[in-house]
Amino acid sequence: MADFLLEIGLDEIPARMIAQAEAELGRRVTDLLTRERLLAEGGKVTTYSTPRRLAVVVEGVLEAQQDQQEQLTGPSWKVAFKDGAPTPAAEAFAKKAGLAVTALEKVVNAKGEYVGATVTRKGRSASELLAAELPKEVLGLYWAKNMYWRAGKPERFVRPVRWVVALLGSSVVSVEIAGIAAGNTTRGHRILHGEAPVVLPSVKSYAEALRSAFVVVDVAERRQTIRKALDKATRTVAGACWREDEPLVETVTHLTEWPTVILGNFEPEYLVLPEEVLVTVMRDHQKYFAVEGADGKLLPHFLAVLNIQVDEEGYATIRHGNQKVLRARFKDARFFWDFDQKVFLADRVASLKNVTFQQQLGSYLSKTIDNDEVVKRLISAVKAAGVTCDEAALLKATELAKTDLTTELVKEFTELQGIIGGLYAKAQGLSEAVAEAIYWQYKPASTEDSIPPTVEGQLFGLADRIVTIGQMFSIAMAPTGSKDPFALRRAANSIVKILAESGLPLTLGQVIDAYGRGREEDLQKVSAFLQERLNFYLKDVRGFSYDVVNAVLAAGADDVRDTIARAEALTAVRGSEDFAAISAAFKRIKNILKQAEEKGYAKSAAAGAELAAEAKALADASVTLAPKFAALREAHNYGEALALIATLRPTVDAFFDKVMVLDPDEKLRGAHLGIIDEVLSRFSTIADFSEIVTS
Amino acid sequence: MAATQTAPTKSPLTFQEVLFRLQNFWAERGCILQQPYDVEVGAGTMAPETFLRVLGPKPYRVGYAQPSRRPADGRYGENPNRLFRHTQFQLILKPPPVNVQELYLKSLEAIGIDLSKHDLKFEEDNWEGPTVGAWGVGWQVMMDGMEITQFTYFQQCGGLDLDPICAELTYGLERLTAFLQDVDSVYDVVWSRDPETGAVVTYGDVRLPEELQYSVYNFEEADVARLWEHFNSYEAEAHGLIARGNALLADEGAAPKEKKRFPLISTYELALKCSNLFNVLDARGAISVTERVGMIGRIRNLAVGVAKIYAGMQLLVASS
C-alpha cells in the first residue's frame, strides 16, 4: 500500500473556477481508483489548491489490482469432446483461454452442457494504470473558459500546464499530461521562494515542503489565516470590525498562496458618498474589505489581502500604493456623483429613447411606457382585492426606474443600477416610497435574495419582469436548454418568489393578464414557463419532494401561495398509513377509469342499480363528505381537509376488496364507474393524490 | 557614534527611461523592436505588427511603443488619470515561451521594481476586441492594487483561430511610470531629466495642450456629417479592395507574383481609419447604443476580410 500525490501546476487559474475544479479532480481520482479496485479499504482522499496548482493526495492506494478469476464458457461439450477425446474446437478454446485441454471443465447451464475454463486475470499495477488513465481524467476537467497553448492545438485547458507531480510512494509515476512529464518537484511562491524547484521526497511531506517554499496549499487553512489576519488588522482601529463578506473571502483565498493583510485609510471626506458606491468600489473593483464602526457605519479604512510577506517598509509601500489607487477611484466616483446631479432623473426620461432595451423591441423609453400600462393594471387588480398602495409614488417610480441607465455613475458601476437611481431619487427630494421602489427594483436578484420590502417595489418588480418575459417570448427569445441570454428564468423565478413571499393577492394568471397583449400562443407559452418556474421554486427553493409538487400542481398552479399551502399540508400527511392507502386507491381509480374509457364503457348514475353494500357505502360517503371537504378547502384549511379524505380509507378499501368494478353487467359497471369518478373529481382539488409515490 | 548612513535615494526612472529599459530587456530576449505605427489606432493590438503578424504559423517576436487613441476617454487634460492618448508598450511573443510569466516578472525588475517589496497578483481578465474579431484569455496584472499590465494568450484574431497562439503583453507606460515615480497625476510624470543640469520636462509640459485640444475636437468640434462621409468612403474603398483581393486569390490563372502585389496593408489601414472614425463619432455622442452593435459589425467585417486575405497570402509565401 502506498500514498499517491498528483499535482498539476499551472499559470494562475481564475479564482472563481478553482474550488469547483479542485473538488472535481478529487472526485475523478477517487472514482478512477475505485473503478480500478485500487483504493484500499478506509483509503483517504484530500484535495488542495492554490492559484497555481490543483492537487490530490490519496492515502491508501493498493500497489496492484488483485488477480481476478474469470469463468469462460466455450463450445458445447458434445462438440468439444468426441468419445472423451478433445476435438479441434476444444483445443482452440483451450488455447484462447491460455490453458491445457486437460484443464477444461464441464459447465451445466440452462441451455445444456458446455466446456468451461477458469482463467486468472493478473491485476495491473497502480503505477501502470495511473499512467494510462490520469491524462484523460485531468484533461477532462470542466472549465468555464478554456484556451489552447501548444502548437497544433492538442488540448484545451484553463491555462497552460507548467509542471506535473505524480508520486506513488516515493517513486514517480511515469505519466505525461499536456506534454509535461511528471516528476517529483513542485514550485514555490513566485516571489518569496523564486524559481528554484521544490523537491518532494515523499507524498506525506507535500504540504510541509510547500510551506517552507511560502505556499499554504490547504484552502481551509488559507481561509482561516486570512480571517484571523483581517481580525488582527482591524483591531488597530478602536471599536471597528470588518464587514463580513463570504464571497470576497473566497475570492482572495483563491488569489493568494501566502496571504497577509494590511489596513489602509482614505480621506473621511469621501464618506459623503453613498455607502453602496464606496463598498462597490472597494469590494468589486479592488477586492478590499470595508471596515465599519460599532454603529454599522463605514469608517475611512479598508483591508487588502496581499499575496506576499514583506518587512515594515514594504508594507508601508504597499499600503501607500493601494491607498493611492482607491483615492483616485473615489475621486472619480465623487465626480460622477456630482456631475449626475446636474440633470434630474425626471429630465432624463426622454433620453431613454437612446438606450436600447433589445434591438427588435426598442428602447428603454418604450419599455418604460409598457411597464407603466402593466403597473396600472396590477394596481387595479390589487385594489379590487382591498390592498392599498401609494399609487402616485408607484407610477412616478415606474416612470423614473430606468433613468439611472443614463447616468455616468451607473455606466461606471453597472452592478449598482437601480440602487443608484434610488439614491438619486432620494437626493433629488422624491418621496421615500418612490426612491425605495426604484432602489429595490432588481430584487430578488436570485432565489436566495429577499424580495423588495415595499408593496410599490413588489408591484413594479412584477410588472417590469412580466413585460420583459412577455416581449422576449413574442420575438422567439424564450430560453432553450442552457441558453438564456436575457436571464428570463431568473426574471420568472423572481415573479414566483415575489408572489410567494409578499402578501399580494395576485395569481400568476393575473400577472400575465396584466401584461395582456400578444398572440394567444405566446401567452400560453409564458404561462407554461411561469408554471415550470413555480415547479422549480417548490422543489429547489422550498424543498418539497417532486411527487408532492406534481400532485399539487395538477390540482391548480395559478395561485402561488395557495399552491405552497397545499404542498405543506400534503407533505405533512403523506407519510401516514391511511393516506398512503388513499393515494394508492386514487391511482387505482385513475387506471380503472382509463381502462374503461379505452374499452368504451360508459358511466351512469348509481340510482336504480342493484349495488353491493360496499359500493353503496362508498357512494354515500362520497356524498356526505363532499360538502364538508369543499367547505374546508374553501377556507384553505387543507390539513383538516386532507384528514377528512383519509377517513374514506376503510370504505374505499372495502369497495375494492368486495366489488368487481368492471362488472360484466353494464348497468352495475356504469354505476361503479360513476361512483369512483365522482370520488376522484370531488376530492382531487387539493392535489392529485395519484401522483404520490407510495412504496 | 557612527552616523547613520543613508544611501542616496536613486531617483526613479523617467518616462522615456522606462521605455528604453523595456525595449532593451525584450530586445535582449530576441524581440525585434518596431517603431510606433503611423496610422491612428485605439490600441497596440490594432497595429499590423500585432493584428497581421499573429496570423499564420510563422514565429515572431516584436515589441513597440504605440500611442493609442481613445476619444471617449479624453478629459480636457483635467483628470489626473484619464487620457485621450496614452502610450502602450506592446509585446508579441509567438509562440509564447514556457517561462513567459517569469520573463515578464524580470521585465518589471528591469524597470526598477523590487518585487519583494510589492504585492503582485495575476487576476483573471479575458481580453476581447469585437471590432477586430479578436479574443484571448489572461489576466490583468495588479501591483499594489493597480493594474499595470494586460497579459493575454491570444486565441483568435480577425475571426481566425490562431495556431500557434501568442502571448500579448501590454504595459500602460503612463500608469507604470506614475506608479514608479509615485506621482498623483500623470501630468506630473517626469518625461526626461537633463543629465547635466538635472532640469526635468514633465508629461504635462509635453502633452497637456494637445490633450485639451483633442478633447475639444472630439467632444465639440468634430463635424459629424463629415465623419460619416469619411467613414463610408473609407469603408467603401476597403470593401472594393477586399473583393479584389478575394478574387485574385481565388483566380487559379493568376501568377503568385501577381497575387503578392495585392496591397493588403493599405486595405487594412482603411479598416483602421474606419475604426478611429467610429471612436470619434462615438465620443461625439453620434452613435446610439442600437447603432453601435451594427457599426462594430461593419468594422469587424473589414478586419475579418483583411485577415482572410492575409492568411491566404501567407500560404502563398509558404508554398512558393
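Predicted model: local features only at pLDDT ≥ 70, side-chain atom pairs only at ≥ 80, totals over all residues.

Trainee: How do I put a size on an interface?

Mentor: Interface size is often quoted as the accessible area that is lost when the parts come together. Between chain B and chain A, about 3,700 Å² is buried. Carbon and sulfur atoms give 49% of that area. Then look at single residues. Lys117(B), Glu124(B) and Asp144(B) supply 15% of the area that chain B buries against chain A, more than any other three residues.

Trainee: How many salt bridges are there between chain B and chain A?

Mentor: The count is 10. Over all chains, the structure holds 67. One of the pairs is Glu124(B) with Arg16(A), where the closest N and O atoms are 2.7 Å apart. This pair crosses from strand β4 of chain B to helix α1 (residues 15-35) of chain A.

Trainee: Are Glu124(B) and Arg16(A) buried or exposed?

Mentor: Read the relative accessible area. Glu124(B) has 22%, so it counts as partly exposed. The cut-off for buried is under 20%. Arg16(A) has 54% and is exposed.

Trainee: What does Lys324(A) pair with?

Mentor: Lys324(A) forms a salt bridge with Asp182(B). Their closest N and O atoms are 3.2 Å apart.

Trainee: Now the domains. Where do they lie in chain B?

Mentor: The domain assignment gives domain 1 (15-219) and domain 2 (223-319) of chain B. Their centres, taken over C-alpha atoms, are 25 Å apart. Read this boundary as you read the one between chains. In chain B, 23 residues of domain 1 are in contact with 23 residues of domain 2. The buried area between these two domains of chain B is about 2,200 Å², and carbon and sulfur atoms give 67% of it. Glu40(B), Leu52(B) and Thr131(B) supply 25% of what domain 1 of chain B buries against domain 2, more than any other three residues.

Trainee: How many salt bridges lie between domain 1 and domain 2 of chain B?

Mentor: One. Separately, note the salt bridge between the side chains of Glu40(B) and Lys273(B), at 3.1 Å from N to O. The count of residue pairs in polar contact between the two domains of chain B is five, both residues at pLDDT 80 or more. On the domain 1 side, α2 (48-51) and α5 (203-221) of chain B each supply at least two residues. The largest share, three residues, comes from α5(B). By class, this side of domain 1 of chain B has 15 nonpolar, five polar and three charged residues.

Trainee: What does a salt bridge inside one helix look like?

Mentor: Check the spacing in sequence. Glu501(A) forms a salt bridge with Lys497(A), with the closest N and O atoms 3.3 Å apart. The two are about one helical turn apart, because they sit four residues apart in helix α16 (residues 488-501) of chain A. Glu501(A) is partly exposed at 36% relative accessible area, whereas Lys497(A) is buried at 6%.

Trainee: Which residues are joined into one network by salt bridges that share partners?

Mentor: Glu12(A), Arg187(A), Arg190(A) and Glu102(B).

Trainee: Let us end with a single residue. Where does Ser49(A) lie?

Mentor: Ser49(A) lies in strand β2 (residues 39-50) of chain A. Its relative accessible area is 0%, so Ser49(A) is buried. Next, list its contacts, leaving aside neighbours within four places in sequence. For Ser49(A), these include Ile18(A), Glu22(A), Leu54(A) and His254(A).

Methods:
Residues numbered from 1 in each chain as written. Chains lettered and ligands numbered in written order. Heavy atoms only, no water. Buried area = accessible area lost by both parts, 1.4 Å probe. Salt bridge = Lys/Arg side-chain N within 4 Å of Asp/Glu carboxyl O. Domains from an automatic or database assignment. Contact = heavy atoms within 4.5 Å. Polar contact = N/O pair within 3.5 Å; in protein donor to acceptor, adjacent residues only side chain to side chain. Nonpolar A, V, L, I, M, F, W, Y, C, P; charged D, E, K, R; others polar. Buried < 20%, exposed > 50% of the residue type's maximum accessible area, 1.4 Å probe, protein only.
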